[in-house]
Amino acid sequence: MRHVGARFEITSDPQRVASAKKIVLPGVGAFGDCMANLKDRGLAEPVKEAARSGVPLLGICVGCQILFDNGEEFGQQAGLGLIPGAVRRLPDPLAGGDNTIRIPNVGWRPLSIATSHPLFSCVTEGTMMYFVHSFAPVPMRAGDISATIEVNGIQAVVAVQNGSIHGVQFHPEKSGPAGLALLRRFVELN
Amino acid sequence: MPPVRLIARLDIKGPNVIKGIHLEGLRIVGKPAEMARSYYEQGIDEIIYMDTVASLYGRNNILSVVEEAARDIFVPMTVGGGIRTTDDVVKALRSGADKVAINTAAVHRPEFIREAAEMFGSQCVVLSVEAKRRGPGHWEALTDNGREKTDVDVLKWVAEAEQLGAGEILITSVDMEGTRKGFDAELIRSVRERVRVPVIASGGAGSAAHVIDLARERTSDAIACASILHYGTAPISALKAELAAAGVEVRS
């Protein structure tokens, strides 16, 4: 955040979340743990309220997954319900296929961009970002899809947007200059 | 074909990056933070820092290297060497590492892999294996930076480690490392057949051709290089260009 010129603080204080101008929701680990932690610290409601009132929100990796209604990692778990849809496991490699990707999907993958939103204005088609995940969002509305990657025969959704609520499955903070550019765009969004 | 990750492997001794030359000893090749930053700017996909003498210098040394690097290096970083407890893992991650590579501690106590994976997630836990060939299709896992024998069969070990939660396997050929004569392709292939998690090949690259040959076998998800980068034999942009020209997809 410092590198892209943001004024930021790392917090788990619901009040700070409630008064934030923008929110980044990072996440590593499992969907269920992430949601449990948010709820335990009283952060789930402030995040939802802020997002619903138009405060720009960027969820990263598991932070993107929990934006949805539910996820199936370790059984059905409820998410924040900010974007309609679910989170599903990626398909396993196809036998004998050329493009087989082992799960977890670890490494750099080229994005297919499906949006003209300013957040992606600096990301050209085919730009590679760094992924490490076994699950991906399945939005109910095609209009919420910002970017996809090909994984074992399907187009997995890896970036979503609903109004001022954004989510990216990849790690922009680990994706070199391309990822930093996206973070910078988020910081600069009105 | 999914892009092959190119990883820079920095073996660290005290304040320096060193490179073991087969049968000759160690050579100092530069300063860790400078080299890592330079590789990042040239387009390396990931960086692995291996502390080769963790017990002698204490862990703080490599952690301060990682901390400094994390300030302006924005690709995944893995730290290995002397990671023995979950506390060590916490410290490594807090310094800015995304993953830890575990070898000796895991061989002595395989449950450590499970503990680390449960606490931090499998994606953080890389099993590092130093493999010494003992016969056709048979390798022994060495520990303590290649100094100690174990009687542990590499192929059985990687499968066990995956079950315990290791998210990636970093497989280094002890026989080929530092020789610059190429990878032990049979070792890499054999490991890949035993596991379903990503495999990082390490040990032996002496030219771009070695990397290309291995990449074309599609047995590695990632290829770690040391000598060819540290000695400038195959600078990153040239290496990636040659890989692309040979039909191997890489991140540009």
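1. Two residues are in contact if their C-beta atoms, placed from the backbone, lie within 7 Å. Keep that in mind as you look through this model, which is a predicted one. Just after α3(A), have a look at A:Gly54, which takes a positive phi of about 100 degrees.

2. Next, the open sheet in chain A. Its four strands run in the order β4-β3-β5-β9, with mixed pairing. Which strands are at the edges? They are β4 (77–78) and β9 (135–139) of chain A, each pairing on one side only. Strand β3(A), residues 68–71, pairs with β4(A) in the antiparallel sense over two bridges. Here you can find A:Gly71 opposite A:Gln77 of β4(A). As background, strands of a sheet pair through backbone hydrogen bonds, either parallel or antiparallel.

3. Strands β7(B), residues 125–135, and β8(B), residues 138–143, pair in the antiparallel sense over five bridges. B:Lys132 has B:Glu140 in β8(B) as its bridge partner. Two residues lie between the strands of this hairpin, and B:Gly137 takes a positive phi near 65 degrees.

4. Follow β8(B) onward to β9(B), residues 148–153: these strands pair in the antiparallel sense over three bridges. B:Ala141 has B:Val152 of β9(B) as its bridge partner. How many residues lie between β8(B) and β9(B) in their hairpin? There are four, and B:Asp144 in the turn has a positive phi of about 50 degrees.

5. Now for a pair of helices in chain B. Helix α9(B), residues 208–217, packs on helix α11(B), residues 236–245, at an angle of about 40 degrees, with the axes 10 Å apart. The two helices are therefore oblique to each other, and α9(B) passes α11(B) in a right-handed crossing. On the α9(B) side, B:Ala208, B:Val211, B:Ile212 and B:Ala215 meet B:Ala238, B:Leu239, B:Glu242 and B:Leu243 of α11(B). The residues of this contact divide into seven nonpolar, no polar and one charged.

6. Finally, see how the chains meet. In the predicted model, 19 residues of chain B are in contact with 20 residues of chain A. What kinds of residues does chain B bring to its side? They divide into eight nonpolar, three polar and eight charged.

Conventions. Residues are numbered from 1 along each chain as its sequence is written. Chains are lettered from A and ligands numbered from 1 in the order in which they are written. This is a predicted model: local features need pLDDT of at least 70, side-chain atom pairs count only at pLDDT 80 or more; totals for chains, interfaces and linings use all residues. Ala, Val, Leu, Ile, Met, Phe, Trp, Tyr, Cys and Pro count as nonpolar, Asp, Glu, Lys and Arg as charged, and the others, Gly among them, as polar. Two strands pair if DSSP finds at least two bridges between them. Axes are lines fitted to C-alpha atoms, for helices over the stretch in contact, and angles run from 0 to 180 degrees between N-to-C directions. Angles under 35 degrees count as roughly parallel, over 145 as roughly antiparallel, 65 to 115 as roughly perpendicular and the rest as oblique. A crossing is left-handed if the near helix is turned anticlockwise from the far one by less than a right angle, and right-handed if clockwise.
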